[in-house]
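Please look over the sequence and the model before reading on.

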Amino acid sequence: MRRTVRHGAYIWQRKDWQEFRCDSEALLEPLSRLCQLHGLLNGRMSMLGFNEKCRSLLSAMTEELMFFGD
């Protein structure tokens, strides 16, 4: 998985955040793919038991903290 952070993790961390603009057309395909993958993940998570869900969520949260904690 490739992650790119160009100007910080959050929009408000940019100096020019008040003038932020985005290209909706460029976002359409990646957001559609994200939505599809999110649905697949939710389907798989629904088959897990409570303990497995907790372990998976804890693992994901730990990974995110390690990535953005720098």
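Is cysteine 22 buried, partly exposed or exposed? Cysteine 22 is partly exposed, with a relative accessible area of 48%. Keep in mind that this is a predicted model.

**Cysteines**

Cysteine 54 also has a value. At 36% relative accessibility, cysteine 54 counts as partly exposed. A disulfide is a covalent bond between the sulfur atoms of two cysteines. How many disulfides does a search of the whole structure find? The search finds zero.

**Aromatic side chains**

The structure holds one aromatic pair. The partners are tyrosine 10 and tryptophan 12, whose ring centres are 5.9 Å apart and whose planes meet at 10°. Why does the pair count as stacked? Planes under 30 degrees apart count as stacked, and the planes here are at 10°, so this pair qualifies.

Tyrosine 10 is partly exposed, at 47% relative accessible area. Tryptophan 12 is exposed, at 56%. The cut-off explains the label: exposed means over 50%. Tryptophan 12 sits in the segment before helix H1, which covers residues 24-45.

Both residues of the pair also belong to a nonpolar surface patch. Its members are Tyr10, Ile11, Trp12, Trp17 and Phe20. The patch has an area of about 570 Å².

**Salt bridges**

Side chains of opposite charge can pair when their charged atoms come close. The count here comes to two salt bridges.

| Salt bridge | N to O distance |
|---|---|
| Aspartate 16 and arginine 14 | 3.1 Å |
| Arginine 55 and glutamate 52 | 3.9 Å |

Take aspartate 16 and arginine 14, which meet through their side chains. Aspartate 16 is partly exposed, at 36% relative accessibility. Arginine 14 is partly exposed too, with a relative accessible area of 23%.

Now take arginine 55 and glutamate 52. Where do these two residues lie? Both are in helix H2, residues 50-68. They are three residues apart, so about one helical turn separates them.

How accessible is arginine 55? Arginine 55 counts as exposed, at 55% relative accessibility. Glutamate 52 counts as partly exposed, at 36%.

Terms used. Residues numbered from 1 in each chain as written. Predicted model: local features only at pLDDT ≥ 70, side-chain atom pairs only at ≥ 80, totals over all residues. Heavy atoms only, no water. Phe/Tyr/Trp six-rings, centres within 6.5 Å; stacked < 30°, edge-to-face > 60°. Buried < 20%, exposed > 50% of the residue type's maximum accessible area, 1.4 Å probe, protein only. Patch = residues over 30% accessible without salt bridge, like charges linked within 9 Å, V, L, I, M, F, W, Y side chains within 5 Å. Areas by Shrake-Rupley, 256 points an atom, 1.4 Å probe, with all protein chains shown as cover. Salt bridge = Lys/Arg side-chain N within 4 Å of Asp/Glu carboxyl O. Helix = DSSP H or I, 4+ residues; strand = E, 2+ residues; numbered from the N terminus. Disulfide = S-S within 2.5 Å.
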